[in-house]
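Me: I've got a model open here and would like to talk through some of its contacts and secondary structure. Can you take a look with me?

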Amino acid sequence: MKTMSTFAEAGADLEFVDISKRFPGFTAIENLNLTIPAGSFFALLGPSGCGKTTTLRLVAGLEEPSAGRILIGGNDVTNTKSFQRPVNTVFQSYALFPHMTILENVAFGLRRRKIDDPLGKAHEALRLVELDHLAARRPAQLSGGQQQRVALARAIVNRPALLLLDEPLGALDLKLRRQMQLELKSIQTEIGLTFLHVTHDQEEAMTMADIVAVMNKGEIEQMGAPEQLYELPRTAFVANFLGQSNLFTGQVTDSGADSITVDVAGRGIVVPRTRAQRHAGEVTIGVRPEKLLLHTEAPTTGAGINILGPGRVTDVSFSGVSTSYIVQIPGLGAVTVFAQNMVFGPVVNEGAEVWVSWTVDHGFGLEDEPTTGSRFPADASTSAIAIQRRAALETELEGA
């Protein structure tokens with residue numbers, strides 16, 4: 001795609017200062033302090049009901065905060081009407097006018113604001129999303145992905161300082177959604193606007209965003225680069241919402257200069273000190289399923305390796321690029337292993353006796369205080385799936 005000078009203006013910082021939003025009977029957002037840098041692609045990620053959509057509506061001016069201030073580019077817009085804010089929103093529903101051509105849809109806002117050369121600017125926006133050759137068509141003649149790009153062009157053409165994306169790809173099929181993820185990121189990089197993307201889809205957030213904030217019950221649980229959040233989650237919620245994790249809780253039996261050792265059902269599990277948030281008392285440690293190796297014989301113990309087992313394979317699930325194995329280990333419960341499919345068929349079958357191992361450097365320790373009765377949570381590795389299914393169902397019900 002060619003760089004479009006019309007859209008070369010940089011985005012603006014977005015700042016939340018002590019923002020709270022209360023509704024009758026519950027608090028959606030509690031004391032939110034957050035700065036989103038100009039020109040960044042920022043994703044607000046969390047399950048339905050966590051407060052992320054309310055946050056977006058506050059920025060758009062569709063809701064008023066109960067307390068605090070919102071600043072865009074250093075200007076306080078807390079009491080500014082929505083149409084006066086330098087903000088545009090791209091919705092999941094596209095909201096295109098069916099009786100207008102694509103060109104007229106994109107130029108609509110410019111005409112209402114009496115901007116010079118609305119059609120020329122609309123053509124330029126359509127060229128940016130590579131749809132100018134379809135300018136004369138109507139929305140019904142376009143695919144879902146093309147309609148989404150038209151909606152994006154319509155938002156960009158107004159040159160907002162901030163673009164809000166409200167679950168914009170939720171209505172697309174999987175293949176098209178992944179394609180649009182890459183295209184959205186490419187467009188954002190090219191035009192340099194500040195994007196605030198609200199989603200419950202972890203893959204979508206990690207694919208596109210420079211910075212991801214995981215939201216839970218109206219508060220930001222953890223924020224950082226996608227790789228940082230995935231490799232070093234600080235809480236069980238983040239570990240299980242952003243991907244899957246095997247979590248184990250035990251007493252720290254040794255705390256050295258470089259590592260800590262946690263007693264997990266009589267087994268000493270080592271975690272690097274720099275990858276653990278707490279170093280004494282009861283600590284919950286974790287490891288991602290794809291970091292684990294399956295063994296059909298007891299592996300040789302050695303420095304830098306953690307080993308659990310023997311256990312019994314209770315489930316084998318093929319998913320294309322990998323196979324998921326559920327291993328029941330006495331005293332620990334279920335451990336999930338993702339193995340890349342390098343050969344035809346599963347490496348081991350249901351009922352097989354196996355051991356699992358992982359490199360010490362792949363483990364992490366959480367800052368959470370262990371919950372009573374959850375020393376060895378057998379369902380920890382599968383809770384992410386439950387959260388995602390629940391979020392998807394809630395989203396579906398909200399749209400019904």
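Me: What does glutamate 63 form a salt bridge with, and how far apart are the closest N and O atoms?
Reply: In this predicted model, glutamate 63 forms its salt bridge with lysine 21, and the closest N and O atoms are 3.8 Å apart. Glutamate 63 lies in the loop between H1 and S4 while lysine 21 lies in strand S1, so the pair ties together parts that are 42 residues apart in sequence.

Me: And lysine 21, buried or exposed?
Reply: Lysine 21 is buried, because its relative accessible area is 10% and the cut-off for buried is under 20%. Glutamate 63, with 22% relative accessibility, counts as partly exposed.

Me: Which residues are linked with Glu63 in a network of salt bridges?
Reply: The network links Glu63 with Lys21 and Arg57. For the whole structure, the search finds 9 salt bridges.

Me: Staying around there, which residues does threonine 54 contact, leaving aside its neighbours within four places in sequence?
Reply: With those neighbours set aside, threonine 54 is in contact with Lys21, Phe23, Ala28 and Ile29. Threonine 54 itself lies in helix H1, which covers residues 52-60, and it counts as buried because its relative accessibility is 15%.

Me: What about S4 and S5, how many bridges join them?
Reply: There are 2 bridges between S4 and strand S5 (residues 75-76), again with the strands running antiparallel, and leucine 71 has aspartate 76 in S5 as its bridge partner. The hairpin of S4 and S5 has 2 residues between the strands, and glycine 73 in that hairpin takes a positive phi near 60°.

Me: Switching to the helices now. Which residues of H3 are buried?
Reply: Helix H3 spans residues 118-128, and its buried residues are Pro118, Lys121, Ala122, Glu124, Ala125, Leu126 and Leu128. As a reminder on helix geometry, an α-helix has 3.6 residues a turn, so residues three or four places apart point the same way.

Me: What covers those buried residues of H3?
Reply: The cover includes helix H2 (102-112), helix H4 (144-156) and helix H5 (174-191).

Me: Where is the positive phi after H3?
Reply: That is at glutamate 130, which follows H3 and has a positive phi near 60°.

Me: What does arginine 127 meet in a salt bridge?
Reply: The side chain of arginine 127 meets that of aspartate 132, at 3.7 Å from N to O. Arginine 127 is partly exposed, with a relative accessible area of 41%, and aspartate 132 is also partly exposed, with a value of 22%.

Me: OK, on to the open sheet. In what order do its strands come?
Reply: The sheet has 5 strands in the order S15-S19-S16-S17-S18, with antiparallel pairing. At the edges are strand S15 (293-295) and strand S18 (333-340), each of which pairs on one side only, and the twist averages 45° from one strand to the next.

Me: How many bridges are there between S16 and S19?
Reply: Strand S16 (residues 305-318) pairs with strand S19 (residues 353-359) over 6 bridges, in the antiparallel sense.

Me: Last one: which residues form the nonpolar patch on the surface?
Reply: Met342, Val343 and Val347 form it, and together they have about 340 Å² of accessible area. Methionine 342 lies in the loop between S18 and S19 and counts as exposed because its relative accessibility is 67%.

Methods
Residues numbered from 1 in each chain as written. Predicted model: local features only at pLDDT ≥ 70, side-chain atom pairs only at ≥ 80, totals over all residues. Heavy atoms only, no water. Pairing = 2+ DSSP bridges. Helix = DSSP H or I, 4+ residues; strand = E, 2+ residues; numbered from the N terminus. Axes fitted to C-alpha atoms, helices over the stretch in contact; angles between N-to-C directions. Buried < 20%, exposed > 50% of the residue type's maximum accessible area, 1.4 Å probe, protein only. Contact = heavy atoms within 4.5 Å. Patch = residues over 30% accessible without salt bridge, like charges linked within 9 Å, V, L, I, M, F, W, Y side chains within 5 Å. Areas by Shrake-Rupley, 256 points an atom, 1.4 Å probe, with all protein chains shown as cover. Salt bridge = Lys/Arg side-chain N within 4 Å of Asp/Glu carboxyl O.
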